[in-house]
Amino acid sequence: MKPLVHAVVGCGRVAPNHVDGFSALPGAELRWACDRDLSRARALAREYGLPQVTSHVRDVLADPVVDSVSITVDHAQHYELAAAALEAGKHVLVEKPLAMTVEEGAALTALAERAGRVLSVVSQHRYDPVVRAVRDWLADGLLGQLVSGTVSLQCGRDDSYYADSYWRGTFAGEGGSALVNQGYHALDVTRWLTGGLAVVGAAVGHTAPRGGMETEDTLAAVLRGPQGALVTYQVTVASSITWRTRIELVGTEGSVLFDLDHPGTLHLAEGGDALRAAAREVGAQKAPAPAGIGYYGISHRRQIADFAAAIRDGHTMAADGAAGLGTLRLLRDIYRTARSEGTAPGGSTAAPGARRAGGRGDGTGRVTEDG
Ligand SMILES: NC(=O)c1ccc[n+]([C@@H]2O[C@H](COP(=O)([O-])OP(=O)(O)OC[C@H]3O[C@@H](n4cnc5c(N)ncnc54)[C@H](O)[C@@H]3O)[C@@H](O)[C@H]2O)c1
């Protein structure tokens with residue numbers, strides 16, 4: 001069988017997770033390391049043995065041997081680079097979020113459909129064994145009807161994380177911060193597990209901004225699931241703890257509490273005998289050490305294996321373009337509500353005197369400005 005030939009465009013923090021995932025895949029071959037900063041492309045190629053380096057994506061897209069491309073650059077360029085890759089006939093694995101606006105995201109999913117190419121948005125935690133197990137338990141009714149959820153991510157980012165970056169902490173390059181970047185996975189996984197979420201209310205905070213960031217460092221939202229379950233969601237990047245994600249789901253027949261962080265610990269599964277037995281199996285699984293930054297987890301490998309399989313057999317991935325577009329819509333709705341400090345249409349009004357985000361309540365992030 002012809003190997004799947006892959007290229008990585010953007011050789012920053014997350015790129016090693018992509019290289020690791022394709023390296024671990026039998027029948028895959030990594031060919032290009034591409035970064036507009038050639039020294040970064042060279043460093044990645046040297047470390048992982050990629051044969052070709054370039055500072056321009058056109059070299060990658062013009063190479064007929066390349067089947068697929070990872071887009072691992074700032075949020076503002078996801079649309080342009082993913083569209084160019086799809087138009088060049090490549091399959092695309094784009095880091096989250098799919099794009100900066102719902103309009104751009106919808107254009108990408110339509111383009112992939114027309115081109116007959118796989119478009120996948122990285123949501124590696126959808127592939128975590130704990131998350132998969134909880135999804136099965138919900139589908140099998142082991143938790144009964146979902147009534148309540150509590151989702152939180154606390155993480156710590158220092159001044160240099162924003163000050164030394166050309167895009168982080170800016171509306172133009174990142175679109176927002178705590179929610180769209182660090183908080184993305186907890187929101188995406190919860191949306192997937194609950195079967196969809198709508199916004200009831202939300203607020204942004206500019207509480208202890210690091211490194212001159214103009215975007216939010218803290219955000220809270222109240223969300224509602226399809227059967228009426230109420231979910232509170234909180235994220236901050238101003239904690240002293242480097243990273244901790246925690247999700248608690250409460251149903252009429254059972255409750256679960258788990259972390260997304262590697263290795264995706266299941267803390268509690270209380271309910272009937274079937275739930276307890278299933279939980280023992282999950283607890284017994286051993287997780288291998290992740291590549292790159294530890295809390296990104298091991299599941300880039302699993303998603304990349306699924307991406308390669310989808311290219312071969314055409315199945316619908318758990319993290320396809322449509323999934324990324326759905327989460328992008330929810331992000332847009334939360335930001336819209338939060339930046340106007342209030343409740344979503346149909347809810348009651350904001351608390352009197354509610355403060356707008358750091359005096360920047362206009363919310364110039366493009367995430368809010370589409371249809
Ligand atoms: N799934 C996860 O857990 C996870 C973790 C970290 C980052 N991310 C996502 O990955 C993406 C990249 O984040 P990062 O932290 O690696 O960023 P980064 O700033 O560390 O790296 C981005 C790289 O892209 C390069 N670049 C920019 N424009 C380019 C272009 N036009 N052509 C080629 N190279 C270009 C930059 O020079 C830089 O080296 C973001 O979407 C981020 O949200 C996801």
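Domain bounds here come from an automatic or database domain assignment. The model is predicted, with local features requiring pLDDT of at least 70 and side-chain atom pairs counting only at pLDDT 80 or more, while totals for chains, interfaces and linings use all residues. Residues are numbered from 1 along each chain as its sequence is written, and side-chain values use heavy atoms, leaving out hydrogens and water.

Two pockets were examined. A pocket is an open set of points on a 1 Å grid over the protein atoms alone, where a 1.4 Å probe fits, with protein on both sides within 12 Å along at least five of seven lines. Lining residues have an atom within 4 Å of a point. Grid points are joined across faces, edges and corners, and a volume is the space filled by probe spheres set on the points.

The largest pocket has a volume of about 910 Å³. Its lining comprises 40 residues, and Thr72, Val73, Asp74, Trp167 and Arg168 are the closest to its centre. Helix 4 (78–87), helix 7 (159–163) and helix 8 (178–182) each give two or more residues to this lining. Helices (H or I, at least four residues) and strands (E, at least two) are DSSP runs, numbered from the N terminus. Domain 1 (4–124) and domain 2 (126–294 + 320–368) each supply at least three lining residues. By class, 13 are nonpolar (Ala, Val, Leu, Ile, Met, Phe, Trp, Tyr, Cys and Pro), 11 charged (Asp, Glu, Lys and Arg) and 16 polar (the others, Gly among them).

The second largest pocket holds about 300 Å³ of space. Of its 15 lining residues, Glu113, Arg117, Val118, Leu119 and Asp320 lie nearest the centre. Helix 5 (102–115) and helix 12 (321–339) each give two or more residues. Helix 5 gives the most, with 3. The lining has 6 nonpolar, 6 polar and 3 charged residues. Again, domain 1 and domain 2 each contribute at least three.

Helix 1 (residues 15–23) packs against helix 11 (residues 299–313) at an angle of about 55°, with the axes 8 Å apart. Axes are lines fitted to C-alpha atoms, for helices over the stretch in contact, and angles run from 0 to 180 degrees between N-to-C directions. The two helices are therefore oblique to each other (under 35 degrees is roughly parallel, over 145 roughly antiparallel, 65 to 115 roughly perpendicular, and the rest oblique). The crossing of helix 1 and helix 11 is right-handed (the near helix is turned clockwise from the far one by less than a right angle).

Most peptide bonds are trans. Lys96 and Pro97 are joined by a cis bond, with omega about -10°. Pro97 lies in the loop between strand 5 (91–94) and helix 5. The bond from His262 to Pro263 is also cis, with omega near 5°. Pro263 lies in the loop between strand 12 (255–259) and strand 13 (266–270).
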